[in-house]
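Visitor: Can you walk me through this one? I'd like to ask things as they come up.

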Amino acid sequence: MNSGTELRLWEALDSLATSVHGSPEAYDRIQRLCRRRASRRRAAAGALMLLAAPAAAAGLVAFRRRSRSPAHGLRATPP
Amino acid sequence: MFDQHYSRLLRLAVLLGAGADAEDVVAEAFCQLHRRWSRLRTPDAAAGYLRSIVCNQTRMQLRHRKVVRRYAERHVDEPVLSAEAQALLRDDQRLVVDALRVLPARQREALVLRYWLDLKEAEIAATMGISPGAVKSHTARGIAKLTRLVQDGAR
């Protein structure tokens, strides 16, 4: 039904596509962008670990205290 | 990977209406692929993944442009065809390209993926993140509207 339009669309898209060329430094640009983002992610992860470390340490101490209590100890040890 | 896919993705971004932002869109796609490379099921999935990101990013750019145009006082330039494209396109082809730009983003995506990339319905569905039935309906509505617009423009 619309085969005329389909053909015209295909031709127009093909012609428009052939007029598109990327810049020669595109690859270097993408590499730089990836490297910058990766270093930002590493820095953010490091900061997060520093923030999380005291909380995790406090949690561990609380867990050890709890597991030393007689009630927990009795339940945790196998017969 | 870059050599194999870059120019095709760049063309896809331009055809979808990214205009001058096309290179940014494709650069973003490669960066996202780089970040999530380990999560890919197979390396063969990379091409489809890149295509999906280009579609999503272009849609986001268009939406952003629309919002800026609505709220910002400064004038936002509509993407225009490059001088080379102007020279290469015949009048009737320019009419089709202009009509394509008026279509809703989803319909335009379905038509470009179908008629330019020659993808199958299932591949288009995977790229756009919709069902094959929705692809059918977007394609049919898109082509019908395009026909109307081109006929109106030719008069």
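Guide: What follows is a question-by-question look at this predicted model.

Visitor: What secondary structure elements does chain A have?
Guide: Chain A has three helices and zero strands. From the N terminus on, the order is α-α-α.

Visitor: And how much of chain A is buried?
Guide: Of its 79 residues, 19% count as buried.

Visitor: Take helix H1 of chain A. What span should it have, and what does the model give?
Guide: Helix H1 of chain A covers residues 3–18, which is 16 residues. At 1.5 Å a residue it should span 22 Å, and the C-alpha atoms at its ends are 23 Å apart, so the two agree.

Visitor: Which residues of H1(A) are buried?
Guide: They are Thr5(A), Leu9(A), Ala12(A), Leu13(A), Ser15(A), Leu16(A) and Ala17(A).

Visitor: Why would residues three or four places apart point the same way?
Guide: An α-helix has 3.6 residues a turn, so residues at that spacing point the same way.

Visitor: On to the contact. How many residues does each chain put in?
Guide: Chain A contributes 27 residues and chain B contributes 36 residues. Between them the two chains bury about 3,000 Å², and 68% of that is on carbon and sulfur atoms.

Visitor: Cysteines next. How many disulfides are there?
Guide: Zero, over all chains. Cys34(A) is in no disulfide, and the nearest cysteine sulfur, in Cys31(B), is 3.4 Å away. The cut-off for a disulfide is 2.5 Å between the sulfur atoms.

Visitor: Is Cys34(A) buried or exposed?
Guide: Cys34(A) counts as buried, at 8% relative accessibility.

Visitor: Last one, Arg65(B). Where does it lie?
Guide: Arg65(B) lies in helix H3 of chain B, residues 45–71. Its relative accessible area is 10%, so Arg65(B) is buried.

Visitor: What lies 2.9 Å from a polar atom of its side chain?
Guide: The backbone oxygen of Ala18(B) lies 2.9 Å from a polar atom of the Arg65(B) side chain.

Definitions and conventions
Residues are numbered from 1 along each chain as its sequence is written. Chains are lettered from A and ligands numbered from 1 in the order in which they are written. This is a predicted model: local features need pLDDT of at least 70, side-chain atom pairs count only at pLDDT 80 or more; totals for chains, interfaces and linings use all residues. Side-chain values use heavy atoms; hydrogens and water are left out. Helices (H or I, at least four residues) and strands (E, at least two) are DSSP runs, numbered from the N terminus. Buried means under 20% relative accessible area, exposed over 50%, partly exposed in between (1.4 Å probe, protein chains only). The expected span of a helix is 1.5 Å times one less than its number of residues. A polar contact is a pair of N or O atoms within 3.5 Å; within protein, one must be able to donate a hydrogen and the other to accept it, and residues adjacent in sequence count only if both atoms are side-chain atoms. Contact means heavy atoms within 4.5 Å. Buried area is the accessible area (1.4 Å probe) that two parts lose on being put together, summed over both.
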